[in-house]
Amino acid sequence: MLFDPEPKRSRRDFFNMDDALADFMDSVSSDKLILVTGLRRYGKTSLILTGLNEAGVEYVFIDCRLLPSGMISIREFLKLLHRELRSHSWARRILDKIAYIDIHGLSIRISRLHDVIIDVLEALGDRVLVLDEVQELRRSTYRFDSLLAYLYDHTRVRVVVSGSQVGMLYRFLRVNDPSAPLYGRPYHEVRVPRLSEEQAREFLELGFNEYGLKPDERVIDEAVKAFDGIVGWLTFFGYTYSRDRRSVREVLDYASSLAASEVMKALEVHGVAVPRYTEALRVVASLGKARWSDILRGVTMRLGRIPRNRLSSIIRDLVDMGLLEKTREGYYSVPDPIVRHAILHKVRV
Ligand SMILES: Nc1ncnc2c1ncn2[C@@H]1O[C@H](COP(=O)(O)OP(=O)(O)OP(=O)(O)O)[C@@H](O)[C@H]1O
Ligand SMILES: [Mg+2]
């Protein structure tokens with residue numbers, strides 16, 4: 001079903017992103033490092049899972065968002081890898097490599113854990129390792145970027161990484177930084193697009209049709225206007241409308257509460273600086289599009305003087321997290337309409 005809220009895994013439930021899907025499947029057959037990028041709820045995970053299943057390749061899927069908050073240890077990563085491998089019958093022999101060490105025990109040295117990870121990943125052969133939301137691995141003193149470079153250079157494993165915080169993903173991989181381990185390794189980026197207005201409309205109509213529903217044209221218009229071409233929000237709306245007949249307004253209210261708590265969670269790492277981040281967002285959200293100087297004025301008025309370089313780094317973080325977008329004309333805006341609504345109505349500064 002198109003409105004199934006889980007990430008899609010098969011072409012049958014996967015709406016018309018044929019170009020991106022073909023691009024991804026081509027890349028899986030020829031590239032060693034593939035980046036799948038797109039803001040939150042654009043359908044990255046669905047594209048990866050559908051593409052790998054369609055291509056009939058065996059893969060290991062690690063959702064890096066399942067790692068604990070704060071600093072991530074190599075042990076946490078190994079536990080996640082272990083849990084994932086347990087769900088594959090082909091991985092039994094590989095699991096033996098972990099079985100004899102007690103990954104929960106604290107007595108094992110980091111270097112030993114590192115060796116185990118290398119052993120396990122090497123044993124994947126030419127299977128695919130998916131690291132979903134890989135920018136989470138930045139929060140570690142363990143050099144996961146070096147691990148990826150090692151896999152690239154010395155094994156047959158193909159690696160797919162995805163990120164909804166696209167700038168953060170690049171900050172983690174540093175593929176363009178000559179001093180970084182992954183520098184110079186060819187990679188392919190698959191960008192997951194937003195649906196066009198026409199596609200968004202078609203998506204809703206087809207999805208409702210699967211439930212035997214034909215909502216009023218005005219409902220579809222209102223939904224496309226509110227949720228834009230973001231397939232995840234459209235799915236969320238289609239699902240709740242079909243089950244409970246929730247109006248666009250009700251779903252928008254619920255979705256923006258969800259978005260507000262996601263934004264606050266994402267900003268949490270900035271500690272005492274959080275008000276500056278939320279205020280910068282609020283200025284942009286309320287103006288619709290704002291220049292750097294508008295943000296400076298707004299933040300200063302509300303919170304007092306802020307050094308210019310400090311504000312620049314806040315804005316850069318917000319862009320890299322995908323919460324702000326910079327246009328060619330130099331304006332900043334909030335790319336997700338639900339996040340914008342959330343900032344205006346739900347987030348307290
Ligand atoms: N091509 C598609 N056809 C139908 N539904 C889709 C498609 N892509 C995504 N969806 C739906 O949209 C929602 C978000 O999809 P998914 O989790 O794949 O996106 P994502 O970009 O990985 O999101 P996040 O950034 O939250 O991880 C899910 O409910 C999924 O079922
Ligand atoms: Mg995802």
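This is a predicted model: local features need pLDDT of at least 70, side-chain atom pairs count only at pLDDT 80 or more; totals for chains, interfaces and linings use all residues.
Student: Let's start with the overall layout. Which domains does the assignment give?

Tutor: The assignment gives domain 1 (18-191), domain 2 (197-261) and domain 3 (267-345). The centres of domain 1 and domain 2, taken over C-alpha atoms, are 33 Å apart.

Student: How do you know that domain 1 and domain 2 are in contact, and how many residues take part?

Tutor: Contact means heavy atoms within 4.5 Å. By that rule, 4 residues from domain 1 and 5 residues from domain 2 take part. Together the two domains bury about 350 Å², with 68% of it on carbon and sulfur atoms.

Student: What about polar contacts and salt bridges between domain 1 and domain 2?

Tutor: The rule finds 1 residue pair in polar contact across that interface, and the count of salt bridges there is 0.

Student: How many salt bridges does the structure hold, then?

Tutor: It holds 25 salt bridges. Let's take a few of them.

Student: What makes Arg-143 and Asp-145 a salt bridge?

Tutor: The cut-off is 4 Å between a side-chain nitrogen of Lys or Arg and a carboxyl oxygen of Asp or Glu. The closest N and O atoms of Arg-143 and Asp-145 are 2.8 Å apart, so the pair is within the 4 Å limit. As background, side chains of opposite charge can pair when their charged atoms come close.

Student: Why is Asp-145 called buried, while Arg-143 is called partly exposed?

Tutor: Buried means under 20% relative accessible area, and partly exposed lies between that and 50%. Asp-145 has 4%, so Asp-145 counts as buried. Arg-143 has 40%, so Arg-143 falls in the partly exposed range.

Student: How do you know that Asp-145 also pairs with Arg-174?

Tutor: Their N to O distance is 3.8 Å, so this pair is within 4 Å too. Asp-145 lies in helix α6 (residues 144-154) and Arg-174 in the loop between α7 (166-173) and β5 (188-191), so the pair ties together parts that are 29 residues apart in sequence.

Student: Which residues are linked in a network of salt bridges?

Tutor: Arg-143, Asp-145, Arg-174 and Asp-177 are the linked residues.

Student: What makes Arg-246 and Glu-250 a salt bridge?

Tutor: Their N to O distance is 3.7 Å, so the pair meets the 4 Å rule. Arg-246 is at 38% relative accessibility and Glu-250 is at 40%, so each counts as partly exposed.

Student: Back to Arg-174. What stands out about its phi?

Tutor: Arg-174 has a positive phi of about 50° although it is not a glycine. Most residues other than glycine have a negative phi. Arg-174 is at 26% relative accessibility, so this residue counts as partly exposed.

Student: And what about the phi of Glu-133?

Tutor: Glu-133 has a positive phi as well, near 60°. Glu-133 sits in the loop between β3 and α6. At 2% relative accessibility, Glu-133 counts as buried, because buried means under 20%.

Note on methods: Residues are numbered from 1 along each chain as its sequence is written. Chains are lettered from A and ligands numbered from 1 in the order in which they are written. Side-chain values use heavy atoms; hydrogens and water are left out. Domain bounds come from an automatic or database domain assignment. Buried area is the accessible area (1.4 Å probe) that two parts lose on being put together, summed over both. A polar contact is a pair of N or O atoms within 3.5 Å; within protein, one must be able to donate a hydrogen and the other to accept it, and residues adjacent in sequence count only if both atoms are side-chain atoms. Buried means under 20% relative accessible area, exposed over 50%, partly exposed in between (1.4 Å probe, protein chains only). Helices (H or I, at least four residues) and strands (E, at least two) are DSSP runs, numbered from the N terminus.
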